[in-house]
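Q: I have a model open and would like to go through it. Can we start with the strands?

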Amino acid sequence: MNVSTRGLTVLLLCACWTTQSLAFVTTPLSSRHNVVVSPKIRMALHTNNNDNDMDETVVSEMTTGSRSRREMMQQVSSVVGATGLLFGVQPAWAGIDPSALKSLRVEGDDTGATMRLRQMEAEKDRPDDKLDIPFEKLDDGVSYREFRSGKGEAVVQPGSKVAVEMTIRCKSFSTANEPGGVKYFTTAQDTDFNELAFTIGSGEMSPGLEEGMMGMHKGALRRIEVPATMVFAARNANQLPLPSENNKEGKRRFTALFKTDATLLFEVLITRIK
């Protein structure tokens, strides 16, 4: 018999003993069979028709009996608790792994944004993110570093319809809290559904950004650096995402950007590819 079987056997015995003890303790005195009553109580019951006239000896003995019952119940509880600790009895979860619940779809999350944010939260602070990996430089001056490789067969290529979560940082406005540059735009703050959808090569977005996205899979995450000359050209062609009306600080930073080095850092997470 292994430890788990022995533990279960002991728990069953304790449960049976506890049930019998509770039945005995909670049963009224008058309804118990074969109960031995002390001579003192029997004499008091015989000589006094009124229960309120019992002498102090009878009351004392009945009080002692009540105290004994309480002590017995405390001992039963202690034995059951100690047995559970001894054999490592764990709470029952009805066959459900609580950690698995975190991956279930959130009710009312029609766009999937809450699920994606939860997945990003679970993956943040990965050791690989802290490695000093150099950016890969392309011929047109764009450079990028891939933080997540993504999954699936579909890849970003000319003509792909993509949906992304994005943060855009002004590299020249770096601070201690944001060494990569302060952000002027985020899909979380500046869009209704925390994503941008566009077609690669349609002219909707900066060609420099699209060049840095080539080859990405669904779930991939890159930081793409677009040089100032390409950013100026994208602004003139209305190919840059703009802050929302409520993002006054973002608007101020976007305006100030073009008075200095306009290099931008695009942090892009691919959520859908078609």
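A: Fine. This is a predicted model. A place to begin is Arg 145, which stands opposite Arg 223 in S8.

Q: Which strands does that pair belong to, and in what sense do they run?
A: Strand S2 (residues 143-148) and strand S8 (residues 221-226) pair in the antiparallel sense, with 5 bridges between them.

Q: What about S8 and S9, how many bridges there?
A: S8 is joined to strand S9 (residues 264-273) by 6 bridges, again in the antiparallel sense. In that pairing Arg 222 stands opposite Val 268 in S9.

Q: And which way does S9 run against S4?
A: S4 and S9 run antiparallel, joined by 9 bridges. Glu 165 stands opposite Leu 269 there.

Q: Is S4 enclosed or open, and why?
A: Strand S4 (residues 161-170) is largely enclosed by the rest of the structure, because 9 of its 10 residues are buried.

Q: What does S4 do with S5 and S6?
A: Both pairings are antiparallel. S4 has 4 bridges to strand S6 (residues 196-199), with Val 162 opposite Phe 198. S4 also has 4 bridges to strand S5 (residues 182-186), where Cys 170 has Val 182 as its bridge partner.

Q: Switching to helices. Where is Thr 187?
A: Thr 187 is in helix H5 (residues 187-190).

Q: Buried or exposed?
A: Buried, because its relative accessibility is 2%, and the cut-off for buried is under 20%.

Q: What is Thr 187 in contact with?
A: Beyond four places in sequence, Thr 187 is in contact with Val 164, Glu 165, Met 166, Asn 194, Glu 195 and Leu 196.

Q: Now H7. Which residues are buried?
A: In helix H7 (residues 228-236), Ala 228, Met 230, Val 231 and Ala 234 are buried. They sit on the same side of H7, because they cover an arc of only 160° around the axis.

Q: What do they pack against, and what is on the other face?
A: The buried residues of H7 pack against helix H6 (207-213), S8 and S9. The face turned away from the buried side carries Thr 229 and Asn 236, which are exposed.

Q: What comes just after H7?
A: Asn 238, with a positive phi of about 55°.

Q: Last topic, confidence. What is the mean pLDDT?
A: The mean is 74, and 52% of the residues reach 70 or more.

Q: Where does pLDDT stay under 50?
A: Residues 29-35 are one of those stretches, and the model has 5 contacts beyond four places in sequence for them. Another is residues 91-96, with 2 such contacts.

Key:
Residues numbered from 1 in each chain as written. Predicted model: local features only at pLDDT ≥ 70, side-chain atom pairs only at ≥ 80, totals over all residues. Heavy atoms only, no water. Pairing = 2+ DSSP bridges. Helix = DSSP H or I, 4+ residues; strand = E, 2+ residues; numbered from the N terminus. Buried < 20%, exposed > 50% of the residue type's maximum accessible area, 1.4 Å probe, protein only. Arc of directions from axis to C-beta. Contact = heavy atoms within 4.5 Å. pLDDT = per-residue confidence, 0-100.
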